[in-house]
Amino acid sequence: MAESPDAGEILRAPLTIGYDFQRTTGPVIGAFFTALAERRMLGIRDTGGRVVCPPVEYDPESGEPLTDMVEVGTEGTVRSWSWVSRVREGQPLATPHALALIQLDGADTSMLHVIDAADPSEVSTGARVRVRWAPESVDGFGNLVCFELAEGKG
Amino acid sequence: MRDVAIVSVAQSEHRRAVPELNEVEMVQPIIQGVLEQIGAGISEIDFTCSGSSDYLAGQAFSFVMTLDAVGAWPPIAESHVEMDGAWALYEAWLKIQAGHADTALVYGYSKASPGDLPRVLSRQLDPYYYGPLWPDSVALAGLQARSMLDAGAITEAEMAEIAHRSRTAAESNPHAQLKGSPPVEELLGAPYVSDPLRRHDCAPITDGAVAVVLAAGDRAREWSQRPAWIRGIDHRVDSHNFGARDITRAPSAGLAARRAGLGDGPVQVAELCAPFTHQEKILRNELGLGDEVVVNPSGGALSANPVMGAGLIRLGEVANRISAGEFDRGVAHATSGHLLQQNLITVLEGDS
């Protein structure tokens, strides 16, 4: 590979790319987002009887269309987590926090979201968490601000 | 099945950032090199296929621009995948199997340095439940490492040993970006970058390119004294919805290995595309590799990780060692997506 001619000579310019189109969420994902606006969490029962949350449109194993929406809890258990020490643009919280897989009560699978915690020592696998809702109802995922630690152990 | 082999491999001296070159300038010498090594001209190549990402290049159809590196004349038959170059190789292999080509040029490349790679990679996620959270690729990998640690499937010391072994091996790889490693005890004393991952657990960010030439039958024997024959190749995928699957495993890697005939005989060498230390352990388990197999003698993705090239490099590294007579049978693995979601397995053999 050629050596740098002179790093000082290299011109630089910012490039911001947008991908700003809107999506139709459909009857399953749309129902989940609609319920979020009402401060409720929905899953869906798959053909094997498991409750998948967030709900998916097709059975993960057989590919059959799924329709049986099930309300699940707004509290849950941390199944895995990692610490986000450097917060990036677009992430739900502006301060360092945990990224986590959270199994809501009544669900058999985990959802990805973040936990507002001051320090990684506060978070552990098996910890109990609950939803923190936006103070005023907004559309879609925005109404679910993050999770926060709750009492007890899952 | 037609006998198809890798007969030539060329790659960059990988670097953290190559600001003085654009993609065409970075890729062109690699393509020139891979053809010159076998004394071939582009007119002797029947099909060209590349792997790259518009999200990294920052413009739509960026691979069309990069085709300038192949030359404007003569006109060529070409294709592209928005995936690692290993999948471009799979497409080229199919083209040759179908009888539409006897030779193929395959390359993969990226310049990850202009953007924030861990953030850009979040765009591989679904746009409804995962994408809106903009989770970075390192924190996502941390979820997988944590699940393995919690399950007793790996220890932080084992992860550090994988990093140490890989980067020590990279000392003999002229193309590697990271060479050499502090001792394991020192690695374990370092702070977390994304608890439970330390810096040594993560692949570097790399600008680089790789190219290979495929040829069928007698053409392969003409171009290589010991062609690295593709005896099996298969790719499979696990659900992108990793909240609903066991992320301590990658069943698609094991399935692809079985379909590629990995178990039909012993392998001596494996190049596994594991951008995070714990992922090497997952892959060893899924592929059933024993301690007798030499794993990642190049240093692996932990020593240089040009996105869209790191998987094709694994194929090239195994092929080179077979062609050099160092080994007779090996396996190369490539991955795409987060948490080893998509996996491609190739079994390569030399003539005995």
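Contact here means heavy atoms within 4.5 Å. Axes are lines fitted to C-alpha atoms, for helices over the stretch in contact, and angles run from 0 to 180 degrees between N-to-C directions. Helices (H or I, at least four residues) and strands (E, at least two) are DSSP runs, numbered from the N terminus.

This is a predicted model, in which local features need pLDDT of at least 70, side-chain atom pairs count only at pLDDT 80 or more, and totals for chains, interfaces and linings use all residues. Residues are numbered from 1 along each chain as its sequence is written, chains are lettered from A and ligands numbered from 1 in the order in which they are written, and side-chain values use heavy atoms, leaving out hydrogens and water.

**View 1. Helix α12 of chain B lies across strands of chain B.** The helix spans residues 310–323.

**View 2. An open sheet of 10 strands in chain B.** The order is β3-β2-β4-β7-β1-β8-β12-β11-β9-β10, with mixed pairing. Two strands pair if DSSP finds at least two bridges between them. The edge strands, β3 (78–81) and β10 (294–295) of chain B, each pair on one side only. Strands β11 (residues 329–336) and β12 (residues 342–349) of chain B are antiparallel partners over eight bridges. Gly330(B) stands opposite Leu348(B) in β12(B).

**View 3. Contact between chain B and chain A.** Chain B gives 38 residues and chain A gives 44 residues. The buried area is about 3,300 Å², with 61% from carbon and sulfur atoms. Buried area is the accessible area (1.4 Å probe) that two parts lose on being put together, summed over both. Tyr128(B), Tyr129(B) and Leu133(B) supply 24% of the area that chain B buries against chain A, more than any other three residues.

**View 4. The ring pair of Phe33(A) and Tyr129(B).** Rings of Phe, Tyr and Trp (its six-membered ring) pair if their centres lie within 6.5 Å; planes under 30 degrees apart count as stacked, over 60 as edge-to-face and the rest as tilted. Here the centres are 6.1 Å apart and the planes at 55°, so the pair is tilted. Ring pairs link Phe32(A), Phe33(A) and Tyr129(B) into a cluster.

**View 5. The charged end of Arg146(B) over the ring of Trp81(A).** It sits 3.5 Å from the ring centre. A charge sits over a ring if NZ of Lys or CZ of Arg is within 6 Å of the ring centre and within 35 degrees of the ring normal.
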